[in-house]
Amino acid sequence: MWYQQTLILSAKPRGFHLVTDELLGQMRELADIQIGLLHLLLQHTSASLTLNENCDPTVRQDMEQHFLRTVPENARYQHDYEGPDDMPAHIKSSLLGASLTLPVRLGRVELGRWQGIWLGEHRIHGGSRQIVATLQGE
């Protein structure tokens, strides 16, 4: 079986956000899969998807502080058409990536105990985000 849908994430401020429930809650067909794979593709170049800590929010805060120091907005970027956070957002997106492939078993995504799906919102005002979810399995 193959199934594909576009998931919509609500607009979020710059930072890292735990979005596991917001994403998976939109995927009713997930419950029908005994064994398979879920591929998530974020259709934006100024945000990212990653797996990380799902419990302590200070991990997300520390990650944001790290990226603000590592990829500063006040560097001399040529590409700044949409403001000073434009090019830094593209760099952060490339460093973290825009897709995840996750195993599915018995109708559930098989994440580790402390793993959750994060959206890295790298723009100050990024807006809602679209993710193409492709589910395959039996």
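Me: Which residue meets the side chain of E64 in a salt bridge?
Reply: A word on the source first: this is a predicted model, in which local features need pLDDT of at least 70 and side-chain atom pairs count only at pLDDT 80 or more, while totals for chains, interfaces and linings use all residues. Residues are numbered from 1 along each chain as its sequence is written, and side-chain values use heavy atoms, with hydrogens and water left out. A salt bridge here is a side-chain nitrogen of Lys or Arg within 4 Å of a carboxyl oxygen of Asp or Glu. At 3.7 Å, N to O, the partner of E64 is R14.

Me: How many residues apart in sequence are the parts that E64 and R14 tie together?
Reply: Helices (H or I, at least four residues) and strands (E, at least two) are DSSP runs, numbered from the N terminus. E64 sits in helix 2 and R14 in strand 2, so their pairing ties together parts whose separation in sequence is 50 residues.

Me: Is E64 buried or exposed?
Reply: The scale is relative accessible area: buried is under 20%, exposed is over 50%, and partly exposed is in between (1.4 Å probe, protein chains only). R14, at 26%, counts as partly exposed. With a relative accessibility of 8%, E64 counts as buried.

Me: How far apart are the closest N and O atoms of E73 and R14?
Reply: E73, at a relative accessible area of 24%, is partly exposed. E73 lies in the loop between helix 2 and helix 3 and R14 in strand 2, so the pair ties together parts that are 59 residues apart in sequence. In the salt bridge between E73 and R14, the closest N and O atoms are separated by 2.0 Å.

Me: Which residues does the network of salt bridges with D85 join?
Reply: D85 and R123 meet in a salt bridge at 2.9 Å, N to O. D85 is in the loop between helix 2 and helix 3 and R123 is in strand 7, 38 residues apart; both D85 and R123 are buried. Through shared partners, one network joins E82, D85, D86 and R123.

Me: In what order do the three strands of the open sheet come?
Reply: Two strands pair if DSSP finds at least two bridges between them. The edge strands, each pairing on one side only, are strand 2 (13–18) and strand 4 (47–53). Strand 2 and strand 7 (residues 115–125) are antiparallel over five bridges, with G15 opposite E121. The pairing in this open sheet is antiparallel, and the order is 2-7-4.

Me: What angle does helix 2 make with strand 2?
Reply: Axes are lines fitted to C-alpha atoms (for helices, over the stretch in contact), and angles between N-to-C directions run from 0 to 180 degrees. Contact means heavy atoms within 4.5 Å. Helix 3 (residues 86–96) lies across strand 2, strand 4 and strand 7, at about 165° to strand 7. Helix 2 (residues 57–70) packs on the sheet too, touching strand 2, strand 4 and strand 7, and its direction relative to strand 2 is about 140°.

Me: Which residues form the covered face of strand 3?
Reply: In a regular strand, side chains alternate between the two faces of the sheet. Strand 3 (residues 35–42) has an uncovered face made of I35, L37, H39 and L41, and a covered one made of G36, L38, L40 and L42.

Me: Which residue of strand 8 stands opposite L38?
Reply: Strand 3 runs antiparallel to strand 5 (residues 99–105), joined by seven bridges, and there L38 faces L102. Strand 3 and strand 8 (residues 129–137) are also antiparallel over seven bridges. In strand 8, the residue opposite L38 is L135.
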